[in-house]
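This report sets out selected structural features of a protein model. It should be read alongside the sequence and the coordinates.

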Amino acid sequence: MLPGRDSMVSFLRFPHEGQSSRPWYPGALLAIAALLFCTAPAHAAACNPSINLGDTPVSFPATISIPVNAPIGSVIATTTVAVSGTAGTTYSNTTCGTSGTIYWQINTGPVVANRVGTTSVKGIGYTASLSGGGLPGNISTDTQLAGSSLPNNSGADYFPSQVFVTVNLVVTGPVGSGTLSLNPTGSGVPNVVGFYYVGALGNYAFRVVSPANVTAVTAMGCTVTTPSIAVNLPAISAASLGSAGAAAGKTPFEIDLTCASGVRVNVTLTDASNMSNVSTTLGLTTGSTATGVGLQVINGGTTIGYGPDSALIGTTNQWSAGTASGGVMKIPLTAQYVRTAGSLTPGKVTAAATFTMSYQ
């Protein structure tokens with residue numbers, strides 16, 4: 001049987017002891033208050049953008065196809081564009097380059113290093129990085145930069161050259177199909193890739209945006225139409241398995257699928273009785289009475305080795321079944337008896353294996 005398996009301060013100076021003291025009159029207090037009031041706007045000199053460069057749009061292809069079990073972290077699409085108006089532009093006042101802070105973030109709030117943004121498509125997120133413009137390398141979301149570490153002119157930050165933004169769509173889990181939009185929920189801002197914040201007050205010099213519902217993502221895979229397969233081998237005589245390695249009773253069977261065109265199908269067989277088995281012999285289940293015999297499965301002229309129940313690329317003894325042309329796909333296989341070590345005892349032979357499909 002082969003079943004399929006498809007986280008206001010003020011400081012008042014008082015005279016020291018021993019010094020002459022003049023009384024404080026209300027008028028003096030009013031004068032102090034007026035002085036404090038006049039100097040309060042000094043807060044406005046905090047690091048802030050001196051210009052707003054607006055929105056830079058990025059977009060992806062109209063359609064993207066991806067295997068349903070693509071590896072987590074793999075990039076399925078990428079786009080790089082120039083950030084509008086950045087080349088040679090001064091974007092902050094004179095305090096940022098001396099004591100201010102710059103942020104490239106998905107949204108205001110705590111900085112989360114290497115943050116992955118969300119999308120409307122199951123299993124798909126995004127990352128975004130800035131480069132060029134005198135920035136120190138590739139700046140990924142979220143990154144906090146000291147203004148003093150950036151190119152500046154008398155303390156004012158500027159971009160001596162063009163800034164570029166690169167946005168990647170990345171796999172975060174099992175992939176689904178759908179129309180793409182960024183940050184429909186969560187901590188991000190809908191349809192906004194990220195902000196270039198100048199200072200800690202939530203003001204930005206530019207932001208990068210991505211229009212919603214422009215890209216359709218299709219998860220490509222197959223549907224197994226034979227999720228449970230019974231293979232009945234013929235009765236044979238003990239004499240036909242006279243020595244270790246002898247085989248007999250070849251019996252054909254097949255795994256049937258319905259696939260999208262272009263899907264590369266890979267298969268791993270797993271010994272259901274011994275999942276650590278990586279040999280080419282399928283062990284017998286507890287219901288067997290025969291000894292000195294096992295079963296083999298052959299793909300073409302190759303005897304298949306068993307491996308872990310995993311769809312990851314490169315799984316031990318994973319093998320290629322070919323590329324689907326679209327529609328029905330049949331994987332022809334053969335089962336047979338094989339003589340193993342030890343004495344040969346006639347009796348009942350039963351075994352079980354699972355098959356795991358991996359679509360690339």
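**Overall make-up**

The structure is a predicted model. Its secondary structure consists of 2 helices and 25 strands. Of the 360 residues, 41% count as buried. The accessible surface of the protein amounts to about 17800 Å², and carbon and sulfur atoms contribute 57% of that area.

**Disulfides**

A disulfide is a covalent bond between the sulfur atoms of two cysteines. The protein has 2 disulfides, and with bonded cysteines counted along the chain they follow the pattern 1-2, 3-4. The table gives the geometry of each bond.

| Disulfide | S to S distance | Torsion about the S-S bond |
|---|---|---|
| Cys 47 and Cys 96 | 1.9 Å | about 105° |
| Cys 222 and Cys 259 | 2.0 Å | about 110° |

The disulfide of Cys 47 and Cys 96 is right-handed, because the torsion about its S-S bond is about 105°. This pair links distant parts of the chain, 49 residues apart. Cys 47 lies in the loop between helix 1 (26-39) and strand 2 (55-57), while Cys 96 belongs to helix 2 (residues 96-99). Since buried means under 20% relative accessible area, Cys 47 counts as buried at 9%. Cys 96 is also buried, with a relative accessible area of 0%.

The disulfide of Cys 222 and Cys 259 has a torsion of about 110° and is therefore right-handed.

**Strand pairing**

Strands of a sheet pair through backbone hydrogen bonds, either parallel or antiparallel. Strand 3 runs parallel to strand 16 (residues 216-220), and 5 bridges connect the two. Within this sheet, Ser 65 stands opposite Thr 218 of strand 16.

Strand 12 (residues 163-171) is mostly covered, as 8 of its 9 residues are buried. Strand 12 pairs in the antiparallel sense with strand 4 (residues 75-82) through 7 bridges. Here Thr 166 in strand 12 is the bridge partner of Thr 80. Strand 7 (residues 124-132) likewise pairs with strand 12 in the antiparallel sense, over 9 bridges. Ile 124 stands opposite Val 171 in strand 12.

**The second largest pocket**

Rolling a probe the size of a water molecule over the atoms shows where empty space is left. The second largest pocket has a volume of about 210 Å³. Its lining comprises 15 residues, and those that lie nearest the centre are Ile 236, Ala 290, Pro 346, Gly 347 and Val 349. By residue class, the lining of this pocket divides into 11 nonpolar and 4 polar residues, with no charged residue.

How values were computed
Residues numbered from 1 in each chain as written. Predicted model: local features only at pLDDT ≥ 70, side-chain atom pairs only at ≥ 80, totals over all residues. Heavy atoms only, no water. Disulfide = S-S within 2.5 Å. Helix = DSSP H or I, 4+ residues; strand = E, 2+ residues; numbered from the N terminus. Buried < 20%, exposed > 50% of the residue type's maximum accessible area, 1.4 Å probe, protein only. Areas by Shrake-Rupley, 256 points an atom, 1.4 Å probe, with all protein chains shown as cover. 1 Å grid on protein atoms, 1.4 Å probe; cavity = no way out; pocket = protein on both sides within 12 Å on 5 of 7 lines; lining within 4 Å. Points joined across faces, edges and corners; volume = space filled by probe spheres on them. Nonpolar A, V, L, I, M, F, W, Y, C, P; charged D, E, K, R; others polar. Pairing = 2+ DSSP bridges.
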